Amino acid sequence: MKTTLRCIYCPTGCTLDVEIKDGRIIVKGDRCTKGCEYARQEVIDPKRIFFTVMRVEGEEYKVAAVRSVAPLPKTEIKKLNEKFAKKHLNKNTKVGDKIANIHGVDIIVTRI
Amino acid sequence: MYDVVVIGGGPAGMAAALKAKEFVDMVAIVERNEYLGGILPQCIHNGFGLQYFKEDLTGPEFANHLVEKVKNEDIDLLLGEHVDALKNAGNFKIQLIGGKIESKSVIFATGAKEKTRYMINIPGDRPSGVMTAGTAQTFLDMHGYLPGKKVVILGSGDIGLITARRLAMEDAEVLGVYEILPYPSGLTRNIVQCLQDYDIPLFLNHTILEIKGKKRVEKVLVGEIKDGKLVRKEWVDCDTVIIAAGLVPNNKLLIKMGAEMDPKTGGPVVNEYLETSIKGAFSCGNSLVINDIVDYAVIQGEIAGRNAALYSKGKLGDRKFKRIEVGRGIKFVMPQMVSGEEDVELIMRVSEPMDTAKIRVGDERKTLRFVNPSTMISFKLKSGKLGDAKAEVL
């Protein structure tokens, strides 16, 4: 199977030609190792960094921002977003605090 | 008396102040908001800092890296301030709300503003629900309010693509991104991870002809343009129109002071020190040239910071500059004035999409594949290679 992907790792956006042959994944067109990693992951199980905003206890007009420290399955991103929208962060939470762990990946606060 | 005063506390301004502080003692940042970071705090997605910090950061994290450094240095922070008047009388006299300050040099890191509906002339009613992509992002990611449920996006700039994704994540229906040009103006990675990931259609060669709505937006008239002619039009029901038509550098103060401007970049004409036509006044970041990524703005900040500091000590070299002649196929080149005495990184854009672009500047050449005007090109010009100082696509 052959497919063409555009790398999303950096702003360069390399065109990646990916071929799956006898269970091996061959990537061409990548200009760095990250591109090759991205292409392999993308054809097996696409993953993205998860990020969203969360309400903070006692705050009406301000939300905190959170992210996953590593990519999570793309198909779960929207579900995760719904899950986190229902939670409130404690007002003493600080930037960098771990607030959850999804499939072994920490969710941390990036802005509060 | 300050050695360097930086106007604007976004990424470029913070980088400028930090670099200046390595050379001189008295450095200040004047910032309109009560906090540093510029627009970064509301850009909660990842993808920042890969070049500069070699890390994949979100906007707030990128800003924090710089804010922490600024706070650890003895840099005066004049927050919630506004520059009322700025005079160049040997030293720079700066009138703020909170009083007068004086500085030997000034760095303008005043960022950019988004084009509004009225700058791109969309006729029709004036209901609520028409806003720029950045405003929608502020509603959603700073205040936690969904600005619309059925959204049409005009323009395929990165801020629009990023906002489209966030709206889709929050279950708003994003009907499409309409781009008048035959190619998207945002980065390829954002077409993939913002539009394709969320099945948002991209309509190239399309624009919005009219907005209808009594109190709130009710529908827009969308038109397909081919070879300058309207070939098809259709009403699309929606409650929100988001304008993502690009950024305009903010240079009110510099213009008022009489600095020479470059109509192609919207920023001032600068030499390789990033010094404007006003001696001792420097420029960096999006007020100098609209950058594709924040990393470039920070690098410009560092160049301006170093050179402003050297200027304040009377140690900035006195070079003879040649003006780069912008030739065929090139939209602009920044810096506009180059000496050829030192290696310099030129920032440029091509004027139209090209499969192969053989770019020449002076005696230096570089070939690039698949470039369009939305790709920012970095061109390294080695010392002694300035030649005829002409930039063109061969």
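Into which domains is chain B divided? In this predicted model, local features need pLDDT of at least 70 and side-chain atom pairs count only at pLDDT 80 or more, while totals for chains, interfaces and linings use all residues. Residues are numbered from 1 along each chain as its sequence is written, chains are lettered from A in the order in which they are written, and side-chain values use heavy atoms, with hydrogens and water left out.

Colour chain B by its domains: domain 1 (2-113 + 248-318), domain 2 (116-245) and domain 3 (321-394), with bounds from an automatic or database domain assignment.

Next, select domain 2 and domain 3 of chain B, whose centres, taken over C-alpha atoms, are 33 Å apart. Four residues of domain 2 are in contact with four residues of domain 3 (heavy atoms within 4.5 Å). The two domains bury about 280 Å² between them (accessible area, 1.4 Å probe, lost on being put together, summed over both). Within domain 2, display B:Tyr183, B:Pro184 and B:Ser185, which together account for 90% of what that side buries.

Now show both chains. The contact takes 32 residues from chain B and 29 residues from chain A, and the area buried between them is about 2600 Å², with 56% from carbon and sulfur atoms. Select B:Ile44, B:Met169 and B:Arg189, which supply 20% of the area that chain B buries against chain A.

Finally, turn to the four salt bridges between the chains (a side-chain nitrogen of Lys or Arg within 4 Å of a carboxyl oxygen of Asp or Glu). One joins A:Lys78 to B:Asp171, with the closest N and O atoms 2.9 Å apart.
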